Amino acid sequence: SKSYLVGKLLPMDFVIWGQSHVNESMITGESRPVAKRKGDTVIGGTVNENGVLHVRATFVGSESALAQIVRLVESAQMAKAPVQKFADQISKVFVPLVIFLSLLTWLTWFLAGRFHGYPSSWIPSSMDSFQLALQFGISVMVIACPCALGLATPTAVMVATGVGASQGILIKGGQALESAQKVDCIIFDKTGTLTIGKPIVVNTRLFENMVLREFYDYVAAAEVNSEHPLAKAIVEHAKKFHSEETHIWPEARDFISVTGHGVKAKIGDKSVIVGNKSFMLSLDIDVPVEASEILMEEEEKAHTGIIVAMDQEIVGIISVSDPIKPNAHEVISYLESMKVECIMVTGDNWGTANAIGKEVGIQNIIAEAKPEQKAEKVKELQLLGRTVAMVGDGINDSPALVAANVGMAIGAGTDVAIEAADIVLMKSNLEDVITAIDLSRKAFFRIRMNYVWALGYNIIGIPIAAGVLFPSTRFRLPPWVAGAAMAASSVSVVCWSLLLRYYKRPLITQERQK
């Protein structure tokens, strides 16, 4: 069973006895478990993968790493000011202004009729000057009803959030939608966001004339006894060479596991050793130049090279990696074509970060960043006038997700990240980042057009209802016609918003083929 450690982010707790591997990905973003032994530091809330550790907890409770992250999230939530809606600002002035214009229209026509400001032939036979003035005033009041302005935003937001949900994108309200359409800079976490977040075997190099299935039978027989994630990845890969679901591996005798180095066992008549270069050298196994060059090449690709030796001779190298997600490079390229700058911030080491950044096409990289440093980078960009989106999946990303103008959480991520985010990408596809931004831009284009129509309708309709055309054309707008025009404006705004239901997401595959 797994044991959970208790402690603080900085300073950390200390191992006083034992050795093991600790998964620190929830805090640092590093997907590879870190070897720990006496004297090493551990972070509170991280997971002990295997082995036993005695830890001196120097900081607990409210001073722990998780408690610090929670405080960062809460402070960022408090600092995020609500967006003042354009329609609300107009409504404060619009309603009293319309009442004033209606009264002014009635008074103007009434006084003009009383003091014979226009010929009596202008007055219809069925009414007097007072009734004519009253009709003009009522028409202004009716035609200027601000329903179209009031419907402009909520109808488009409602349709856009519904369309987003059908595409696997959960948008938490109009504020998230409004902020997303302004995004000009996106910060990506690495592990679990740009990468799959699970180590797999990506390559195998053999130095001896040996059948690959036989090679993996020996390696898996030794590694099946280890709880290390890289060992589990090798065993899972070895299962692909066998059709049966529960394959029984050859018996491993004299099994020895050395934390942070590798394993050693007797498999049949062969002595099998699986581990890193330093483990081989400590057992007086010669590492040829060719093998060393391969290890360096794999390191530059952000892969972990695992050496396999049999009977004191190196027979192969297995490359294990946390691969990038499909279309990651195409997504980054497409975002840049949308004038959105992409940045990668990760708690992983610089070597791995640079290799992943090069592979996906991100040049602006920040590595070895702690949770609070990710949030600080977001605030730094905001001070430069940028509208920042943060895409992440872990607890360590939650402060930055909340601090960003738009936080986007991967659906397969932690509950804390999903809670902190404004937009949740339920399918965990990077392409949905593009869809979320594109959908928000299309939605706000329609909202702007709704405002243009609603305001233009009032700017044109109110003077006509007030009788501006009456002296020259004898055309007047009766109150019932003004009411119908007002209703038509509301219906047109709603229909324009409903057309968003036919939204089509950008096709990255077509862009790639061009």
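Author: The account that follows takes helix 17 as its part and then turns to other places in the chain.

This is a predicted model, in which local features need pLDDT of at least 70 and side-chain atom pairs count only at pLDDT 80 or more, while totals for chains, interfaces and linings use all residues. Residues are numbered from 1 along each chain as its sequence is written, and side-chain values use heavy atoms, with hydrogens and water left out.

Some figures for the whole chain come first. The protein chain has 20 helices and 18 strands; helices (H or I, at least four residues) and strands (E, at least two) are DSSP runs, numbered from the N terminus. Of its 514 residues, 49% are buried, where buried means under 20% relative accessible area, exposed over 50%, and partly exposed in between, with a 1.4 Å probe and protein chains only. Taking contacts between residues at least 6 apart in sequence, 69% join residues at least 24 apart; a contact means heavy atoms within 4.5 Å. The chain exposes about 24500 Å², and carbon and sulfur atoms supply 59% of that area, which comes from the Shrake-Rupley method with a 1.4 Å probe, only the protein chains shown counting as cover for residues.

Helix 17 covers residues 431–465. Two packed helices are described by the angle between their axes and the distance between the axes. Here, axes are lines fitted to C-alpha atoms, for helices over the stretch in contact, and angles run from 0 to 180 degrees between N-to-C directions. Helix 17 packs with helix 19 (residues 479–498) at an angle of about 170°, their axes being 9 Å apart. Helix 17 is therefore roughly antiparallel to helix 19, since angles under 35 degrees count as roughly parallel, over 145 as roughly antiparallel, 65 to 115 as roughly perpendicular and the rest as oblique. On the side of helix 17, the contact is made by Phe445, Arg446, Met449, Asn450, Trp453 and Tyr457. Helix 19 contributes residues including Ala482, Met486, Val493 and Trp496. The residues of this contact divide into nine nonpolar, four polar and one charged; Ala, Val, Leu, Ile, Met, Phe, Trp, Tyr, Cys and Pro count as nonpolar, Asp, Glu, Lys and Arg as charged, and the others, Gly among them, as polar.

Val331, Tyr334 and Leu335 of helix 12 meet Glu431, Val433, Ile434 and Ile437 of helix 17. This contact has six nonpolar residues, no polar ones and one charged.

Aspartate 432 also belongs to helix 17. Its relative accessible area is 0%, so aspartate 432 is buried. Apart from neighbours within four places in sequence, aspartate 432 is in contact with Gln167, Gly168, Ile169, Leu425, Lys427 and Arg505.

In an unreviewed entry, UniProt lists residues 93–112, 132–152, 451–470 and 482–503 under "transmembrane region"; its positions are given in the numbering used here, feature names are shortened, and annotations may be inferred rather than shown by experiment. In the model, residues 482–503 are 77% helix and 0% strand, with the end C-alpha atoms 33 Å apart. Residues 93–112 are 100% helix and 0% strand, and the end C-alpha atoms of that span lie 28 Å apart.

Other parts of the chain are also enclosed. Helix 9 (residues 229–239) has eight of its 11 residues buried, so it is largely enclosed by the rest of the structure. The cover over those buried residues includes strand 8 (200–206), helix 8 (212–223), strand 12 (304–310) and strand 13 (313–321).

Threonine 193, in helix 7 (residues 190–194), counts as buried at 0% relative accessibility. Beyond four places in sequence, the residues that threonine 193 touches include Phe188, Lys325 and Leu430. Phe188 is also among the contacts of isoleucine 362, a residue in the loop between helix 13 (350–360) and strand 15 (364–366). Isoleucine 362 is buried, with a relative accessible area of 3%.

Finally, aspartate 311 lies in the loop between strand 12 and strand 13. Aspartate 311 is partly exposed, at 39% relative accessible area, and has a positive phi of about 50° although it is not a glycine.
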